[in-house]
Amino acid sequence: MNEHREGRLRTRWRRAARTAVAAAAAVGITVLALGLTAGVATADVSPADRGTPNASLAAGPASRVAAGDLHTCVIRTDDALWCWGNNFYGQLGDGTTTQRTAPVRIGDATTWARIDASMSTTCGVRTDGTLWCWGSNHNGQVGDGTTTKRTSPVRIGDGTSWASVSTAANHTCAVQTTGTLWCWGSNRHGQLGTGMTPYRATAPVQVGTATTWASVTTGYAHTCATRTDGTLWCWGSSSDGQLGLGIRDYRATPTQVGTAANWTGVTAGYVHTCAVRADGTLWCWGENGYGQVGGGVGFQTTPLQVGTATTWARVETGIDSSCATRADGSLWCWGNNASGQLGDGTTTHRSTPTRVGSATTWTDSLAASYHACALRTDGSLWCWGDNSFGQLGDGTTTHRSTPAQVALPG
């Protein structure tokens, strides 16, 4: 599949996004015009740390957060799951398709361990090793053997050895404690890693026979994963070099990225990818129209080191932006900033990492999309950026260009 035959993924995705917004509006959801706010000023707090609600409301510390395109989910420290934002496809999991501008409890389970969210699908792993997904399922990305939309979590198979999961617009992948890797959903661009067949899988299919997979991440039409030996592997579409293989074509099975064996984490954005090495260096590649690769000019088909810092701890990519934390607890973002998702108080795109406020208490639990969310060491949750569907969780649909604390009930 060459670039001409594949077409421009960006155009297709944005068309799909516009369709989703239009459909939501048709059922009575109003998308407000962009209105950025820096939040309420607080004494002795930097501009990017403002917008904090009354401390008495900041209950229920969180342990993990996931950001879909237009919704957010968080696992609290009591292992309960809460979600909010756009719910047109049931991606919140509360049994409805009702938009929520504030956190709503999903079921009564207190055993959630991992969570991930995409354009309109959400998946999570529980402490008993079971896997659950819900939301849009037009390509079988929920994994329950159907293409039926699910508005509540449904269990995927009967396995109890799931370790982590990553879901994207059209496909989902997960790693088991056995070190095996499984993917399902659309395989149009080879993103399942099983070759060009099946074209679509509505239930998990194993990727090869390796039992050394450590982590997996899914982009719009590509997938990357690390192995226990520290090697990095990518497959699927590389229309803009997002596989890091020096090509603008595709690979339908896992292909090693370079020869380095010290990768500690990788994250796939819409059409770009970023990863951290054990030496604390940060590397990105792929589409770079908004500066989301963090350096260079134009798309990058092989890993490009972002600056010279050797203190990067964790990175997360969004639609056309990236955010990362350093060992000192500082938070940095770059790329597309049209909705204030970089959190620097502006809507100016950034081609190099830009620090978010002055706080040094950010943890490695962060998520990026058209909006971004991150946790601090005290368990508090902060979100910023696009809020058209209430995905910032503050009870409004007002966009924010600096982090504002989310009051979690509890």
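User: Buried, partly exposed or exposed: which is Arg350?

Analyst: Quick ground rules: this is a predicted model, where local features need pLDDT of at least 70, side-chain atom pairs count only at pLDDT 80 or more, and totals for chains, interfaces and linings use all residues. Residues are numbered from 1 along each chain as its sequence is written, and side-chain values use heavy atoms, with hydrogens and water left out. Buried means under 20% relative accessible area and exposed means over 50%, with partly exposed in between (1.4 Å probe, protein chains only). Arg350 has a relative accessible area of 25%, so Arg350 is partly exposed.

User: And which residue does Arg350 form a salt bridge with?

Analyst: A salt bridge here is a side-chain nitrogen of Lys or Arg within 4 Å of a carboxyl oxygen of Asp or Glu. For Arg350, the closest N and O atoms of the pair are 2.9 Å apart. The partner is buried, at 19% relative accessible area, and its name is Asp344.

User: How many salt bridges does a search of the whole structure find?

Analyst: Among them is Arg400 with Asp394, whose closest N and O atoms are 2.9 Å apart; Arg400 counts as buried at 16%, while Asp394 is partly exposed at 27%. Searching the whole structure gives a total of six.

User: What is the N to O distance between Arg76 and Asp78?

Analyst: Arg76 is buried, at 9% relative accessibility, whereas Asp78 is partly exposed at 31%. Their side chains meet in a salt bridge, with an N to O distance of 2.3 Å.

User: What is the omega of the cis peptide bond that joins Thr197 and Pro198?

Analyst: Most peptide bonds are trans. Pro198 sits in the loop between strand 11 and strand 12 (200-206). The bond joining Thr197 and Pro198 is cis, with omega at about -5 degrees.

User: How many strands does the protein chain have?

Analyst: Helices (H or I, at least four residues) and strands (E, at least two) are DSSP runs, numbered from the N terminus. The secondary structure has two helices, and the strands come to 28.

User: How much space lies in the largest pocket?

Analyst: On a 1 Å grid over the protein atoms alone, a pocket is an open set of points where a 1.4 Å probe fits, with protein on both sides within 12 Å along at least five of seven lines; lining residues have an atom within 4 Å of a point. Points are joined across faces, edges and corners, and the volume is the space filled by probe spheres set on them. On that basis, the largest pocket comes out at about 1,100 Å³.

User: Which residues that line the largest pocket are the closest to its centre?

Analyst: The lining has 50 residues, and strand 25 (362-368) is one of the strands that each supply at least two. Strand 25 gives the largest share, six residues. The closest to the centre are Asp116, Thr217, Thr267, Arg314 and Glu316.

User: Which residues in the largest nonpolar core touch the most other members?

Analyst: A nonpolar core is a set of buried Ala, Val, Leu, Ile, Met, Phe, Trp, Tyr and Cys residues joined through side-chain atoms within 4.5 Å. In soluble globular proteins, nonpolar side chains tend to be buried together. Out of 24 members, the ones touching the most others are Leu131, Leu181 and Trp213.

User: Which residues is Gln256 in contact with, leaving aside its neighbours within four places in sequence?

Analyst: Contact means heavy atoms within 4.5 Å. Gln256 belongs to strand 16 (residues 250-256) and is partly exposed at 27% relative accessibility. With those neighbours left aside, the contacts are Thr231, Leu232, Trp233 and Leu245.

User: Last one: how far apart in space are Tyr290 and Gly335, C-alpha to C-alpha?

Analyst: Tyr290 lies in the loop between strand 19 (282-286) and strand 20 (300-305), and counts as partly exposed at 25%. Gly335 is 45 residues away in sequence, yet the C-alpha to C-alpha distance is 4.9 Å.
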